[in-house]
Amino acid sequence: MLVRDWMTPDPFTVLPTTPVMEALNSLSQRGFRRLPVVDEGGGLIGITTRKDLRDAVPSKAATLSIWEINFLLSKLTVGEMMAKPVLTAQVGEYMEDAALRMRQRGVGGLPVLDDRQRLCGILTVGDVLEAFTHTLGQDEGGQRLYLRLPDVPGSLEQAARAVQPSNIISLATSGAAQGQREFVMRVVGEAASSAGQRLRDAGFEVE
């Protein structure tokens with residue numbers, strides 16, 4: 001899976017000179033949580049989130065009169081609040097690499113750059129979750145099987161044979177311990193509902 005297949009293309013952007021209140025209104029109206037910030041030429045220079053913009057208002061406006069607050073908010077710009085440099089993803093990189101970077105850095109979205117390093121999309125946690133559920137075959141129905149197999153060559157092949165005549169549409173491993181490896185398998189098609197019993201009959205541990 002590549003980032004290009006799951007990102008939101010052509011994201012809405014703002015300039016660093018965009019007033020904070022205008023950016024907040026755009027986020028609210030469009031249902032976004034973050035905005036890439038670009039220069040006049042369209043180059044990515046920062047990113048800002050709904051939380052960043054909201055947090056900026058009271059911190060900048062504390063102890064001021066209503067007139068001073070209104071004046072300050074009319075002058076406060078995205079460029080003063082944006083985060084930089086920006087953590088990004090590349091359009092052709094693997095989803096799992098981008099997702100790992102998001103988790104390690106604690107961010108909910110990555111602007112995506114094309115081969116010319118121009119902004120072409122944005123990848124969010126929602127996109128990662130959609131890719132994850134699709135990869136596991138959740139949207140195709142069928143039967144989900146949780147297996148513990150001996151962590152030795154050939155054990156998965158034997159399990160796949162036992163599943164027949166059902167068709168395996170997804171397979172993921174969730175780790176190994178004490179000589180066993182855990183798998184999540186989804187099967188569809190003929191006799192899918194009894195695939196778990198066929199695995200048990202073949203001597204495999206299934207939940």
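Biologist: In which loop does proline 85 lie?

Modeller: First, this is a predicted model, where local features need pLDDT of at least 70, side-chain atom pairs count only at pLDDT 80 or more, and totals for chains, interfaces and linings use all residues. Residues are numbered from 1 along each chain as its sequence is written, and side-chain values use heavy atoms, with hydrogens and water left out. Helices (H or I, at least four residues) and strands (E, at least two) are DSSP runs, numbered from the N terminus. On that numbering, proline 85 sits in the loop between helix H4 (78-81) and E4.

Biologist: What is the omega of the peptide bond from lysine 84 to proline 85?

Modeller: Most residues other than glycine have a negative phi, and most peptide bonds are trans. The bond from lysine 84 to proline 85 is cis. Its omega is near -5°.

Biologist: How confident is the predictor, and which element of the protein chain has the lowest mean pLDDT?

Modeller: pLDDT is the predictor's confidence in each residue, from 0 to 100. For the protein chain the mean is 89, and 91% of the residues reach 70 or more. Where pLDDT is low, the predicted coordinates should not be read in detail. Among the elements, strand E4 (residues 89-90) has the highest mean at 97, while the lowest, 66, belongs to helix H3 (residues 66-75).

Biologist: How far apart are the C-alpha centres of domain 1 and domain 2?

Modeller: Domain bounds come from an automatic or database domain assignment. Here that assignment gives domain 1 (3-133) and domain 2 (137-206). Their C-alpha centres are separated by 41 Å.

Biologist: Which element gives the most to the lining of the largest pocket?

Modeller: A pocket is an open set of points on a 1 Å grid over the protein atoms alone where a 1.4 Å probe fits, with protein on both sides within 12 Å along at least five of seven lines, and lining residues have an atom within 4 Å of a point. The largest one is lined by 13 residues, with Met1, Glu96, Ala131, Phe132 and Thr135 nearest its centre. Two or more lining residues come from each of helix H5 (95-105), helix H6 (125-135) and strand E8 (167-177). The top contributor, with 4 residues, is H6.

Biologist: From which domains does that lining draw at least three residues each?

Modeller: By class, the lining has 9 nonpolar, 3 polar and 1 charged residues. At least three lining residues come from each of domain 1 (3-133) and domain 2 (137-206).

Biologist: Why do the buried residues of H5 line one face of the helix, and what arc do they fall within?

Modeller: Buried means under 20% relative accessible area, exposed over 50%, and partly exposed in between (1.4 Å probe, protein chains only). In H5, Met95, Ala98 and Met102 are buried. Seen down the axis, the buried residues of H5 line one face because they fall within an arc of 70°. On the other side, the exposed residues are Arg103 and Gln104.

Biologist: What is the distance between the C-alpha atoms of leucine 199 and glutamine 104?

Modeller: Leucine 199 is part of helix H8 (residues 195-201), and its relative accessibility of 0% makes it buried. Along the chain, leucine 199 and glutamine 104 are 95 residues apart. Between their C-alpha atoms there are 37 Å.

Biologist: Is aspartate 10 buried or exposed?

Modeller: Aspartate 10 has its place in the loop between strand E1 (8-9) and helix H1 (20-30). Its phi is near 50°, which is positive in a residue other than glycine. With a relative accessible area of 68%, aspartate 10 is exposed.

Biologist: What is the relative accessible area of glutamine 117?

Modeller: Glutamine 117 is in the loop between strand E5 (109-113) and strand E6 (119-124). Though not a glycine, glutamine 117 has a positive phi of about 65°. It counts as partly exposed, at 43%.

Notes: Nonpolar A, V, L, I, M, F, W, Y, C, P; charged D, E, K, R; others polar. Arc of directions from axis to C-beta.
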